Amino acid sequence: MPKTSRIPGFYKLTPEERLRIVAEFAGLTEEEVDLLRRFGALDESTANRMIENVIGAFQLPIGVAVNFLINGRDYMIPMVIEEPSVVAAASNAARMTREGGGVYAQSTESLMIGQIQILGVKDPHGARFEILKNKDEILEIANEKDPVLVKLGGGAKDLEVRVVESKLGPMLIVHLIVDVKDAMGANAVNTMAEAVAPRLASIAGGRFRLRIISNLADKRLVRAWTRIPPEAVGGKEVAEGIVEAWAFADADPYRAATHNKGIMNGVDAVVIATGNDWRAVEAGAHAYAARSGRYKSLSTWEIDEKGYLVGTLEMPLAVGIVGGATRTNPLARICLKILGVKSAKELAEVIGAVGLVQNLAALRALAAEGIQAGHMSLHAKNIAIMAGAVGDEIDQVAEIMVREKCVRVDKAKEILERIRKEKAKR
Ligand code: MEV
């Protein structure tokens, strides 16, 4: 019988029952099933409530980056990431920024955009004015949906109406601007967008289709900047190298993608650690980087008249400290406690600062010794483990591979054999 993935009622089963079916389907060993079954800190019932069809909990390391001084306050930064070197690089570059007083960051209000698409309008420009004329009524309909948010000072605050040319002709796109305060905001915004759509369509004399948040959260920006004496990064030449690296990213989308990826190494690691939606943050970041029509660097690096290296970063950052996995995932709650942030704005500022520092770390390494030097020693340790090294052998094998500039499993096996033979002789 061919295997089938058509399993009616799969969602109604317990995680254990689902696991059995998956194990059978994929030929998992008892050992593998056991690993999946070990839910860990995210226990089975919590995980089973977070998403559908749960069979286990995936784990990634939580590292803590140190040395961060942001807006004059010391922070320890929990980072969840699979890539070696990121946490070490962040800590290292954060130490450099301290020489200039750390990183400063500020954020705008927590304003998110809900989009409502109105079609079939004969006079879109006239309808635009008609909708704007009725702004107060629309905002009231939206705010009725979330009295708690309104009580906290948030809620729907403004309307923008755009006439967007499309392959199907002009569309009326209404932006409902909502202050979501300490939440990421998708739930509140989507609920409000759905609530106002029928009234908008009737005012415009058309019909509505999509009603959904925009992840290009360009009214919820974070700005981070730092000013560092050149000696802190390794001297004038390295500082100039960092600026040259930035100019490359600013001019060339192929480089800008990698440059911004380096920023997102830091940003995502904290976004994930705090239980936030990293796909939303990623989508917003890259759309913002392309806002001029060409994809560009999210950061800038310059040298000021005193010879100091000045870095800035500006990007949308829709993160929350209430709602969703920030509360349901106990590890996210603990990471938020380690950070000690009191508001979503403060969290965004910390994350923006981490993004800038991570960018500094990458550009500094690229401009000075090259990225592989730092990456190699951790990578070499992983390769040594893959070759079968245990305990002290891991560092010994890794060290020799890095010294000999040859980091490969076959090489690691050869070194390991040599070390073991020598040890046996002693
Ligand atoms: C690697 O994860 C990130 C870098 O490629 C970023 C960059 O090139 O700026 C080192």
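How far does a polar side-chain atom of Arg255 lie from an oxygen atom of the ligand?

Analyst: A polar side-chain atom of Arg255 lies 2.7 Å from an oxygen atom of the ligand. This distance comes from a predicted model, in which local features need pLDDT of at least 70 and side-chain atom pairs count only at pLDDT 80 or more, while totals for chains, interfaces and linings use all residues. Residues are numbered from 1 along each chain as its sequence is written, and side-chain values use heavy atoms, with hydrogens and water left out.

Accessible areas follow the Shrake-Rupley method with a 1.4 Å probe, and for residues only the protein chains shown count as cover.

The shell around the ligand holds 10 residues, of which Glu83, Arg255, Lys261, Asn265 and Leu366 come nearest; a residue is placed near the ligand if one of its heavy atoms lies within 4 Å. By class, this shell has 3 nonpolar, 4 polar and 3 charged residues. Here Ala, Val, Leu, Ile, Met, Phe, Trp, Tyr, Cys and Pro count as nonpolar, Asp, Glu, Lys and Arg as charged, and the others, Gly among them, as polar. Helix α11 (253–273) and helix α15 (344–367) each supply at least two residues of the shell, and α11 gives the most, with 6 residues. Helices (H or I, at least four residues) and strands (E, at least two) are DSSP runs numbered from the N terminus.

The wider chain can be described next. It contains 18 helices and 10 strands, and its C-alpha trace spans about 90 × 75 × 40 Å along the principal axes. Of its 426 residues, 46% count as buried, where buried means under 20% relative accessible area, exposed over 50%, and partly exposed in between (1.4 Å probe, protein chains only). The accessible surface of the chain comes to about 21800 Å², with 55% belonging to carbon and sulfur atoms. Among contacts (heavy atoms within 4.5 Å) between residues at least 6 apart in sequence, 69% join residues at least 24 apart.

In soluble globular proteins, nonpolar side chains tend to be buried together. A nonpolar core is a set of buried Ala, Val, Leu, Ile, Met, Phe, Trp, Tyr and Cys residues joined through side-chain atoms within 4.5 Å. The largest such core has 61 residues, and Phe68, Ile77, Met79, Trp301 and Met315 touch the most other members. To this core α15 gives the most, with 11 residues. A second, separate core of 33 residues includes Ala127, Leu139, Ala156 and Ile203. Beyond four places in sequence, Ile77 touches residues including Phe68, Ile70, Val270, Val350 and Val354.

Asn67, in strand β1 (residues 62–70), has a positive phi of about 80 degrees although it is not a glycine; at 28% relative accessibility it counts as partly exposed. Asn71 also has a positive phi, of about 50 degrees, without being a glycine. Asn71 is placed in the loop between β1 and β2 (73–80) and is partly exposed, with a relative accessible area of 36%.

A further loop residue is Met184, between β6 (169–179) and α8 (186–204). Because its relative accessible area is 11%, Met184 is buried. Leaving out residues up to four places away in sequence, its contacts include Met112, Arg220, Asn276 and Ala318.

Terms used:
Polar contact = N/O pair within 3.5 Å; in protein donor to acceptor, adjacent residues only side chain to side chain.
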